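Here's a quick briefing to read with the model open beside you. We'll go through pockets, salt bridges and aromatic rings.

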Amino acid sequence: MSSARVALVELKSQHQRLKTEIMAAIESVFAESHFILGEAVDHFEREFAEYLGVAYALGTGNGTEALHLAVRACGLGPGDEVLVPAHTFVSTALAVAYVGAVPRLVDVEARSGNMDPAKLSAAITPRTRAVIPVHLYGQAADMDEIMAIARKHSLWVIEDACQAHGAYSHGRRVGTLGDVAAFSFYPAKNLGACGDGGAVVTNNPELHQRLTRLHNYGQPKKYHHDIIGYNSRLDTLQAAILRVKLPYLDGWNEQRRRLAMLYTNSLRAPQVTPPSDPGDRRHVYHLYVIRTGDRDALRADLQAHGIETGIHYPVPLHLQPCFEALNYRRGDFPESERLAAEILSLPLYPELDPDHVRYVCRTIHEFFKC
Ligand SMILES: *Cc1c(COP(=O)(O)O)cnc(C)c1O
């Protein structure tokens, strides 16, 4: 066991198991050869909307584009401020920058790594028009509080659900809680395509209509363009593959939760804080992220034992050179900075061998001599 190699994420097992079904789906797309906005896209959009319990889903080229289209569809642009957590993947803020609006950063809760509602209110100015809560690592943000604040100040709520396919908040799926939500089907996400893909979902028919136009050259009718649109559509082949995978999503999320529980129940080093998992939300563990003050040394030790880990993410948005113009400084978002220094993502994917989870925990205990 000491020579085991444990990958952070491994996609081969899932595809090996689904190979026959996926190949048949690809064959059927080839039989039609309707590669752009083919039948599988319509079907997947309907099935994904039904899975979430939302009125409309629209396939997009990727998750970043799903966020970008959502920001555009809400009519945001130059002069507008949009609240974004300081601790997230860069795309959450890129989408705001793309339309010329300003991302205003908000610090996160130490416990969950999600946007801190208490700090959200303080960041609102007369120019604030929207907020983008991220359901980081697969756990719903505190949507009750965030929605209450947003409604009070008439802000659009755009959920970044790119890591949380199938997660719940008080019995409702994330992606159905705000005005509009973005999903990514990047291969390693809980629901992943075999390439890039994304979706933007909403219950608002006007937003859906605008999104539909925006994602396909701004055309209500072929070769008639009434707004500056984009080419950002979900590929038909990817839609066909996603249709095969969607019925497995809840089972895979259950597997992720089971493995996460095994980690949390096995880890007993006082130097390690496991992720929080409050009962009113169903965390779907896109990532299993621990905190420890001795992160870099632990990471090197795990690497030496054949265990791959990740850091999601090592640099908070206010310290990224691309957002220099926002004029933030080190110290502005202390919880985000502390997280960036202390977080470590342990191996997790549905097919991960529970013995490997035990091996990772044992290696951590040996490192801390406990
Ligand atoms: C993956 C991800 C995105 C972007 O999705 P892509 O499909 O890679 O463009 C956006 N936000 C978060 C939080 C993500 O994890």
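Start at the second largest pocket, which has 13 lining residues, with Leu 37, Leu 58, Thr 212, His 215 and Asn 216 nearest its centre. Keep in mind that this is a predicted model, where local features need pLDDT of at least 70, side-chain atom pairs count only at pLDDT 80 or more, and totals for chains, interfaces and linings use all residues. Numbering runs from 1 along each chain as its sequence is written, and side-chain values use heavy atoms, with hydrogens and water left out.

**Pockets**

- A pocket here, worked out on a 1 Å grid over the protein atoms alone, is an open set of points where a 1.4 Å probe fits, with protein on both sides within 12 Å along at least five of seven lines; lining residues have an atom within 4 Å of a point.
- The second largest pocket holds about 190 Å³ of space, a volume being the space filled by probe spheres set on grid points that are joined across faces, edges and corners.
- Its lining gets at least two residues each from α2 (39-52) and α7 (205-214); helices (H or I, at least four residues) and strands (E, at least two) are DSSP runs, numbered from the N terminus.
- By class, that lining splits into four nonpolar, six polar and three charged residues. Ala, Val, Leu, Ile, Met, Phe, Trp, Tyr, Cys and Pro count as nonpolar, Asp, Glu, Lys and Arg as charged, and the others, Gly among them, as polar.
- The largest pocket comes in at about 500 Å³, and 27 residues line it, with Phe 89, Ser 184, Tyr 186, Lys 189 and Tyr 313 nearest the centre.
- Two or more lining residues of the largest pocket come from each of α3 (63-73) and α4 (91-98), and α3 has the largest share, at three.
- Twelve nonpolar, eleven polar and four charged residues make up the lining of the largest pocket.

**Salt bridges**

- There are 13 salt bridges in the structure, each one a side-chain nitrogen of Lys or Arg within 4 Å of a carboxyl oxygen of Asp or Glu.
- Arg 213 and Asp 226 pair up at 2.8 Å, N to O. This links distant parts of the chain, 13 residues apart: Arg 213 is in helix α7, and Asp 226 is in the loop between α7 and α8 (236-245).
- Arg 213 is partly exposed at 23% relative accessibility, and Asp 226 is partly exposed at 45% (buried means under 20% relative accessible area, exposed over 50%, partly exposed in between, with a 1.4 Å probe and protein chains only).
- Arg 291 and Glu 342 form another bridge, with their closest N and O atoms 3.0 Å apart. Here strand β12 (residues 288-292) is tied to helix α11 (residues 334-342), and the partners are 51 residues apart.
- Arg 291 is buried at 15%, while Glu 342 is partly exposed at 21%.

**Aromatic rings**

- The whole structure has twelve aromatic pairs. Rings of Phe, Tyr and Trp (its six-membered ring) pair if their centres lie within 6.5 Å; planes under 30 degrees apart are stacked, over 60 edge-to-face and the rest tilted.
- Tyr 328 and Phe 333 have ring centres 5.1 Å apart and planes at 70 degrees, so they count as edge-to-face. Tyr 328 is buried at 17%, and Phe 333 is buried at 8%.
- Phe 44, Phe 48, Tyr 51, Phe 183 and Phe 185 are linked into a cluster by ring pairs.
- Over the ring of Tyr 51 sits the charged end of Arg 173, 4.0 Å from the ring centre (NZ of Lys or CZ of Arg must be within 6 Å of the ring centre and within 35 degrees of the ring normal).
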